[in-house]
Amino acid sequence: MSNRFGRPGKFSAMLTVGLLALATHPAVVVADHMGPPPRPIKDNWQLEVGGKDLQARLKERLVGWPTTALVKGSELPKDGQAFLQRVAADTWRGLAALTDKENGLPLDTVNFSDASVDPSRSLVGDYTSPTNIGMRFVSLGAAMDLKLIDRRQALAAAEKIVSTLERLERHEGFFYNYYDTTTLERSSHFVSFVDSAWLTAGLMAARQTFPELAQRCSQLIDQGNYRFFYDENLRHMRQGYEADHKHLTDQHYGVMFTEARLGSLLAIGKGDVPAEHWFAMHRTLPEDHTWQAQTPIGRHPKNFDGLETRGGRYRYKDWEFVPSWGGSMFEALMPRLVVDEGKLAPNSLGRNGAIHTEIQRRYALEELKYPVWGMSPSATPGGPYHEYGAKMLGVSGYQPGVVTPHAAALALLTEPKQATANLMELARRYPVYGEYGFYDAVDPNTGKVAYQQLTLDQSMMFLAIANHLSGGKVHKRFTSDPIMQKVLPLIRKENFFD
C-alpha cells in the first residue's frame with residue numbers, strides 16, 4: 001500500500017511498510033519499530049529441523065507443489081473464453097496448493113527462483129495476512145461457481161479456516177497483520193484497518209456462501225468495532241494500531257478512491273461509524289496541498305441529504321477523473337471484485353474505475369510503447385516488491401515500470417474484451433505462465449519475469465476472471481449481505497462529474 005498492503009521483507013522480516021494513503025502526508029511509512037514479536041514455538045521448530053531442511057519442511061506442510069515451471073503460450077487455448085477458463089483453473093489449483101494443509105491458511109508468497117520448481121531453489125513465505133485469508137473465503141465461493149471445487153470440499157476448507165481464526169491472537173477483536181502459518185504465532189505488531197476490512201469482507205462472503213458457518217463468521221465480524229480506527233475530528237480512518245507502542249497511527253486513509261474505500265463502506269454498514277465518514281474522505285485534496293500531482297478542477301461543495309463533501313477532478317488529455325493515491329490498478333478496481341460499482345454507482349465509482357482503466361491502457365500502449373499493459377504494486381524481476389502505476393492517475397503517483405498480470409485481469413471488471421486480449425498477449429509474448437497460472441510480473445523492456453506467486457495478487461486475478469465467467473455471482477453473493485445492503489443507497493447518491 002503505499003496505499004498497498006504492507007509486504008514484509010525476505011519472507012520473515014515483518015515490517016509493515018508503505019501504508020501511504022494520507023490526508024496530509026505525501027509519504028508515510030508505518031513500521032513495527034521494535035521488530036517482530038518473539039515466536040518461541042517457531043524458533044524451537046527451526047532449531048529442530050535445521051538450516052537447509054527448513055524450506056523442505058515448509059513445503060511438506062503445503063497441500064501441493066508444482067511439477068512444471070513453465071507452460072508455453074502456444075499450448076494455451078486460442079479462444080478468449082477458453083483461455084480465461086484455463087487461467088482460472090490453473091490459478092485456483094495454485095491457490096489451493098500453496099496452503100498449509102494443517103490449518104488451511106494460504107501462504108503469502110512463494111518465490112520460484114529462476115523459473116525452477118526445485119524446492120531447494122525456492123523460497124516459501126510461511127506467513128499470511130488478514131487480506132489473504134479474506135480473499136480465500138471469497139475465492140472458495142467463486143471456485144464453486146466455476147465447478148472447480150464441490151460444495152462439500154469448499155465448506156470443509158472454509159470451516160478449517162474459521163476454526164483457525166478462532167484460535168489466533170487478536171487486539172480489540174481485530175487480527176494482527178501477519179501470522180506464522182506453521183505455528184500460528186503472530187509475527188507483526190501492527191493491526192491494519194484496510195487488512196481488517198478485507199477479512200471482514202471475506203467473512204461476509206463466507207456467511208452468504210455457507211449458512212452453516214454464518215453464526216461463527218458473524219461472531220468474528222462483530223468482535224471488532226471499526227470505531228476503534230475512526231478519528232472523530234478528521235472523520236477519517238486511521239491506518240492502524242501499533243501494538244508495540246500502544247497507539248493508533250497518526251496517518252489516515254484520507255483519499256477516497258483507493259482499495260481502502262471498501263473498509264469505509266463496511267464500517268458504516270456495520271453501524272460502527274456514521275455515514276458522514278464516507279463524504280468526509282477526499283475526492284481531491286485541497287488546492288493548498290501543493291505537493292500533489294496537479295491542482296484539482298471543480299472542487300466545490302456538494303450536499304447529499306445534509307452530508308457535505310467537496311468534489312473535484314484531475315484532468316489528463318481528454319479525460320477527467322477522481323484520482324487514487326498512486327495511480328495503480330488495484331487501488332482503482334480491487335473493491336470492484338466484490339461490489340459491482342459499475343452497476344451500483346455508475347456516475348461515480350463505476351465510471352471513474354472505467355476511466356482509470358482506459359488511461360492505464362492508453363498510457364502503456366501509446367506513451368510507454370509497451371506491447372502489454374496493467375501496472376500495480378508487484379514483485380520486480382530481480383528486485384524487491386515495488387509500487388508501480390500511471391503517475392498522472394494518482395495524488396502522489398507511482399512511477400511506471402513492470403506489468404503485472406493481476407492488474408491486467410482486474411481490467412476484466414471494466415474492459416473485458418481488451419483485458420482478455422492483453423492477458424493472452426502476455427502469455428504469448430513472455431515466459432510468464434506456469435503450472436499454477438501467471439507469475440507476478442514482467443518487465444516489457446527486458447522480457448525478464450518475476451517468478452513469484454503472491455496469494456493476494458493471484459486471488460485478485462482469480463476473482464476477476466471468476467466473476468466475469470460466472471456472470472457476476474461473486475458480486476451478487478457479497479452485496480446480498482445485510483452490511484452491504486445498508487450502504488448501497490450511499491454509493492448511488494454521488495456524481496463525480498457534475
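**Close-up 1**
Glu-415 is buried, with a relative accessible area of 8%; buried here means under 20% relative accessible area, with exposed over 50% and partly exposed in between (1.4 Å probe, protein chains only). The model is a predicted one, in which local features need pLDDT of at least 70 and side-chain atom pairs count only at pLDDT 80 or more, while totals for chains, interfaces and linings use all residues. Residues are numbered from 1 along each chain as its sequence is written, and side-chain values use heavy atoms, with hydrogens and water left out. Glu-415 sits in the loop between helix 13 (405-410) and helix 14 (416-429); helices (H or I, at least four residues) and strands (E, at least two) are DSSP runs, numbered from the N terminus. Setting aside neighbours within four places in sequence, Glu-415 is in contact with Ala-354, Thr-357, Glu-358, Arg-361 and Trp-373, where contact means heavy atoms within 4.5 Å.

**Close-up 1. Met-392 and the residues it touches.**
Look for Met-392 in the loop between strand 18 and helix 13. Met-392 has a relative accessible area of 16% and is buried. Not counting residues up to four places away in sequence, Met-392 touches Gln-294, Tyr-314, Tyr-316, Phe-321, Ile-359 and Tyr-363. For a sense of scale, the C-alpha atoms of Met-392 and Thr-309 are separated by 23 Å, and the two residues are 83 residues apart along the chain.

Strand 17 (residues 378-380) and strand 18 (residues 383-386) run antiparallel and are joined by two bridges; two strands pair if DSSP finds at least two bridges between them. Thr-380 has Gly-383 of strand 18 as its bridge partner. Two residues lie between the strands of this hairpin, and Gly-382 in the turn has a positive phi of about 75 degrees.

Strand 10 (residues 240-242) is joined to strand 11 by two bridges, and the two run antiparallel. Here Tyr-241 stands opposite Leu-248 in strand 11.

Thr-181 lies in the loop between strand 6 (179-180) and strand 7, and Leu-184 has its place in the loop between strand 6 and strand 7. Thr-181 counts as buried at 1% relative accessibility. The residues that Thr-181 touches, not counting those up to four places away in sequence, are Arg-61, Asp-100, Asn-103, Leu-105, Pro-106, Leu-107, Asp-126, Tyr-127 and Thr-128. Leu-184 is buried, with a relative accessible area of 13%. Although Leu-184 is not a glycine, it has a positive phi of about 70 degrees.

**Close-up 2. Ala-115, with a positive phi.**
Ala-115 is found in the loop between strand 1 (109-112) and strand 2 (122-125). Its phi is positive, about 60 degrees, although Ala-115 is not a glycine. Ala-115 is buried, with a relative accessible area of 17%.

**Close-up 3. Gly-312 between strands 14 and 15.**
The loop between strand 14 (307-310) and strand 15 (314-316) holds Gly-312. At 1% relative accessibility, Gly-312 counts as buried. Gly-312 touches Thr-284, Ile-297, Gly-298, Arg-299 and Val-322, not counting residues up to four places away in sequence.

**Close-up 4. Phe-478 in the largest nonpolar core.**
A nonpolar core is a set of buried Ala, Val, Leu, Ile, Met, Phe, Trp, Tyr and Cys residues joined through side-chain atoms within 4.5 Å. The largest one has 156 residues, of which Phe-137, Leu-165, Trp-278, Leu-423, Phe-438 and Phe-478 touch the most other members. Helix 6 (residues 193-209) gives the most to this core, with ten residues. Centre the view on Phe-478 to find its contacts with Ala-201, Met-204, Ala-205, Leu-262, Leu-266, Val-338, Val-339 and Met-484, not counting residues up to four places away in sequence.
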